[in-house]
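Please look over the sequence and structure below before reading on. The numbered points that follow are notes for someone new to it.

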Amino acid sequence: MAKAMILAAGQGTRVRPLTKNVPKPMVPILGKPVLEYLIEHLARFGVKEIMINVAFNHHKIEDYFRDGHRWGVEIGYSYEGVRDHGEIVPKALGSAGGMRRIQDFGGFFDETTLVICGDALIDLDIRAALDEHRHKKALASVVTLEVPREQAQNYGIVVTDANGRVKSFQEKPRPAEAKSTLASTGIYIFEPEVIDLIPPGREFDIGSELFPLLVAEERPFYAQTRFFNWIDIGRLTDYWAVLQRVLRGEVAQMDMPGREIRPGVWVGLNTSIEWDSVQVVGPVYIGSGVRIDPGVSVIGPTWIGHGSHLRAGSRVERSILFEYTRVGEGQRFSEKILSPQYCVDRSGETLYVGDDRTELRWGDARA
């Protein structure tokens with residue numbers, strides 16, 4: 001079939017505070033890290049050898065996935081860091097630089113390899129993508145999606161000829177200046193010879209450096225336009241929108257955990273809920289060990305992480321509560337992402353527990 005590399009060494013600065021203590025690929029969707037969905041998808045298509053480059057909070061990824069046997073795959077890791085004043089600190093080498101480091105170390109890229117960004121949910125037909133890549137005898141392929149012209153400014157735009165051969169790129173162009181509506185999805189297919197074009201020992205990026213080099217040298221480099229779900233969590237605002245879609249059941253192969261005790265309401269184990277005196281309107285997931293006091297309203301799409309506590313008279317609607325979040329008595333939270341430490345609205349504005357700018361009260365349910 002093929003091998004795979006998942007890019008997971010970035011800092012995830014655009015989705016902070018979600019990534020303050022975890023790497024971006026470990027941000028949860030329905031209680032599972034985004035990276036886990038990617039690994040499961042690769043395994044379904046028989047891609048069993050996977051390298052992951054890591055840097056910031058790398059142990060969170062390594063401790064969770066280990067050697068990959070639980071998913072029927074084999075996972076290896078490549079840590080990117082430097083020694084600074086006697087301490088080891090993360091320092092990512094860029095998406096292509098990380099590939100070159102892996103190749104120089106042990107020669108992993110010895111056959112066709114799928115390279116995927118670790119911060120998106122996809123249901124790409126991997127077999128079809130590999131077949132097209134090989135049929136065209138491509139040295140490199142980039143998987144693209146058609147996007148509305150007015151959204152071109154949010155993406156790297158790929159410009160091709162009539163045969164799909166890549167001619168140029170535009171990085172987030174204004175809609176009027178976009179030469180194409182093909183957005184790069186961060187999914188690439190490479191032959192081993194591509195790695196030789198990457199300079200060793202320094203930062204090097206796939207999109208801004210390797211791809212222009214392939215075009216300049218007129219290598220067989222093609223774009224594939226495919227129809228599939230590609231849910232990018234590039235910004236903090238995307239995360240809230242993605243979870244709303246998932247909770248509404250709009251994303252295939254993402255089933256709600258727990259037991260559906262009434263239409264659109266799923267519940268985990270050992271909850272304490274005064275059902276006769278609360279209002280719960282699905283789609284809603286209520287995790288294990290959650291306590292919901294009398295007079296509470298929960299309006300979906302809403303996710304309530306395990307161990308959380310909604311005190312009497314509070315109202316939570318179209319929101320995501322991470323595990324062990326306590327909502328204060330009589331408080332109202334609408335379209336928020338809540339954790340025991342912070343609260344983020346759908347526009348990305350962040351408040352922290354005890355912030356004088358807000359009257360909202362929430363905290364850690366374990367305290």
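This is a predicted model: local features need pLDDT of at least 70, side-chain atom pairs count only at pLDDT 80 or more; totals for chains, interfaces and linings use all residues.

1. Residues are numbered from 1 along each chain as its sequence is written, and side-chain values use heavy atoms, with hydrogens and water left out.

2. Helices (H or I, at least four residues) and strands (E, at least two) are DSSP runs, numbered from the N terminus. Strand β13 (residues 182–190) has 9 of its 9 residues buried, so it is largely enclosed by the rest of the structure.

3. Two strands count as paired if DSSP finds at least two bridges between them. Strand β10 (residues 140–146) runs antiparallel to β13 over 7 bridges, with L145 opposite A183. Strand β8 (residues 113–117) is also antiparallel to β13, joined by 4 bridges; here T113 has F190 as its bridge partner.

4. An open sheet of 4 strands has the order β19-β22-β25-β28, with parallel pairing. Its edge strands are β19 (279–281) and β28 (332–334), each pairing on one side only. Between β19 and strand β22 (residues 297–299) there are 3 bridges, and V280 stands opposite V298.

5. Salt bridges (a side-chain nitrogen of Lys or Arg within 4 Å of a carboxyl oxygen of Asp or Glu) number 18 in the whole structure. One of them joins D110 and K3, at 2.8 Å from N to O. D110 lies in the loop between α3 (95–106) and β8 and K3 in strand β1 (residues 3–8), so the pair ties together parts that are 107 residues apart in sequence. D110 is exposed at 52%, whereas K3 is buried at 7%.

6. K32 and E40 form another salt bridge, with their closest N and O atoms 2.9 Å apart. K32 is partly exposed at 22%, and E40 is partly exposed at 23%. A network of salt bridges links R315, E317, R318, E335 and R346.

7. How many disulfides are there? Taking a disulfide as a pair of cysteine sulfur atoms within 2.5 Å, the count is 0. Among the cysteines, C117 is partly exposed at 25% relative accessibility, and C343 is buried at 2%.

Technical notes:
Buried means under 20% relative accessible area, exposed over 50%, partly exposed in between (1.4 Å probe, protein chains only).
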